Amino acid sequence: MVEKTSSRKIVLCCLQETKLKGRSVCMISVKDSRYKCFWIRNDNSTGGVAILLAEEWVENFLENKRISNRIYCIKVNVGDIILSILSINPPQVGLGYRVNVAFYNERQCTVAGNMEIHFLCWDFSGHIGST
């Protein structure tokens, strides 16, 4: 994935269903490009999310924050604006009503009430919850 991101000159990439373990931050090098990778994965090996940020934007990086096992946020200063980038992995089909409500409450609490600009990265297909 990092090679494709680099070859297409992408400066920000949000990933879902990552296979990385635990929670961490590291630099990843590919050919001429370097990316800072932020990731989180929950204990039952589902719902991992990651954010890749190109090296030239790392100096504008302000903060990273784990909201939940399915929501990870970084904040980047873009001129006069603070941009909150959220990598979100919604619950899969069949997890039930309570899991879905908890997920949407977490997401809503994350974006409600502050004056930052939010960039939400997730699958908006609507295939969430029980069938």
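A salt bridge is a side-chain nitrogen of Lys or Arg within 4 Å of a carboxyl oxygen of Asp or Glu. The model shown is predicted, so local features need pLDDT of at least 70 and side-chain atom pairs count only at pLDDT 80 or more, while totals for chains, interfaces and linings use all residues. Residues are numbered from 1 along each chain as its sequence is written, and side-chain values use heavy atoms, with hydrogens and water left out.

**View 1. The salt bridge between Glu55 and Arg34**. The closest N and O atoms of Glu55 and Arg34 are 3.0 Å apart. The pair links distant parts of the chain, since Glu55 is in helix H2 (residues 55–58) and Arg34 is in strand E3 (residues 33–40), 21 residues apart; helices (H or I, at least four residues) and strands (E, at least two) are DSSP runs, numbered from the N terminus. Glu55 counts as partly exposed because its relative accessibility is 39%, and Arg34 is also partly exposed, with a relative accessible area of 34%. Here buried means under 20% relative accessible area, exposed means over 50%, and partly exposed lies in between (1.4 Å probe, protein chains only).

**View 2. The salt bridge between Lys75 and Glu63**. In this pair the closest N and O atoms are 3.6 Å apart. Lys75 lies in strand E6 (residues 71–78) and Glu63 in strand E5 (residues 61–66), so the pair ties together parts that are 12 residues apart in sequence. Lys75 counts as buried because its relative accessibility is 18%, whereas Glu63 is partly exposed, with a relative accessible area of 34%.

View 3. Ile82 is partly exposed, with a relative accessible area of 37%. Leaving aside its neighbours within four places in sequence, Ile82 is in contact (heavy atoms within 4.5 Å) with Leu62, Lys75, Val76, Glu116 and Ile117. Ile82 and Asn60 are 22 residues apart in sequence, and their C-alpha atoms are 9.6 Å apart in space.

**View 4. Lys36 over the face of Phe61**. Lys36 lies at 5.4 Å from the ring centre of Phe61. A charge sits over a ring if NZ of Lys or CZ of Arg is within 6 Å of the ring centre and within 35 degrees of the ring normal.
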